[in-house]
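Dear colleague,

Please find below the structure for your files. My notes on it follow directly after.

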Amino acid sequence: KRVGVLVSGRGSNLQALLDACADPAFPAEIVLVVSNVANAYALERAATAGVPSVTLSHKSFASREDFDAAMDAHLRQAGVEIVCLAGFMRLLSAGFVQSWDQRMINIHPSLLPSFKGLHTHARALEAGVKLHGCTVHLVTPDLDDGPIIVQAAVPVLADDTEDALAARVLEQEHKAYPLALRLIAEGRVAVDGNRAKVEAPGF
Ligand code: GRF
């Protein structure tokens, strides 16, 4: 399956997906990286992997819909079949989300539905939870919502800092995201209401 990845920053999850796709047995290939930030380090990762990329500055579009339409045109032109959001820090319009229904996934650094939105690690520490983690889910119009495909949990330790906890979660993100992409690309995810049912051993 042909995959487009939307990024805004560091791109460590993009890297995890690039690394997974480097295996010829992996059922997906990244054909386009789209960034809304010109100097995102993710763009260097794409270049190093030989993957085409495009930067579309949201500031040069009159509306969110116009920006999303431009992204959509690039994705369609590249023959993209699955879209992965990997640290993409823009809200998406309902029309864009609808047009990629069940073919767009996101990674979020919390065990959803807890801690939607930003600053998840600080909020987890503040809440005193003992388990934290990450979630890969299908994208629906509501932020950080949508059927959950994969989650991974980590312990919250007594002396944790935000950075230490973030690093522990990130390590799991880099495993969970390629796994979720593989399941989607293999057609093993069936959506039933709010639930994504995964047809694979262990799920
Ligand atoms: C990750 O923690 C991801 O879960 C969140 O934003 C961060 C992006 O990191 N959505 P990176 O750009 O993939 O390194």
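Between the two domains, 17 residues of domain 1 are in contact with 16 residues of domain 2, where contact means that the C-beta atoms, placed from the backbone, lie within 7 Å. On the side of domain 1 that touches domain 2, the elements giving two or more residues are α1 (12-21), β4 (82-85) and α4 (94-99). Of these, α1 gives the most, with five residues. The residues on this side of domain 1 comprise 14 nonpolar, two polar and one charged. In this classification, Ala, Val, Leu, Ile, Met, Phe, Trp, Tyr, Cys and Pro are nonpolar, Asp, Glu, Lys and Arg are charged, and the others, Gly among them, are polar. Helices (H or I, at least four residues) and strands (E, at least two) are DSSP runs, numbered from the N terminus.

Please note that this is a predicted model, in which local features need pLDDT of at least 70 and side-chain atom pairs count only at pLDDT 80 or more, while totals for chains, interfaces and linings use all residues. Residues are numbered from 1 along each chain as its sequence is written.

The domain assignment places domain 1 at 1-100 and domain 2 at 106-203; such bounds come from an automatic or database assignment. The centres of the two domains, taken over C-alpha atoms, are separated by 20 Å.

Both domains also take part in the shell around the ligand, each supplying at least three residues. A residue is counted here if its C-beta atom, placed from the backbone, lies within 6 Å of the molecule. The shell includes Gly9, Arg10, Asn13, Ile107, His108 and Glu173. At least two residues each come from α1, β5 and α6 (162-185). By class, the shell has four nonpolar, six polar and two charged residues.

His108, one of the residues around the ligand, is listed by UniProt under "active site" in an unreviewed entry; such annotations may be inferred rather than shown by experiment. His108 lies in strand β5 (residues 104-108). It counts as buried because it has 23 C-beta neighbours inside 10 Å, the cut-offs being 20 or more for buried, 12 or fewer for exposed, and partly exposed in between. Leaving aside residues up to four places away in sequence, His108 touches Cys134, Thr135, His137 and Asp144.

Finally, Gly193 lies in the loop between β8 (189-192) and β9 (195-198). Gly193 is exposed, with 6 other C-beta atoms within 10 Å.

With kind regards
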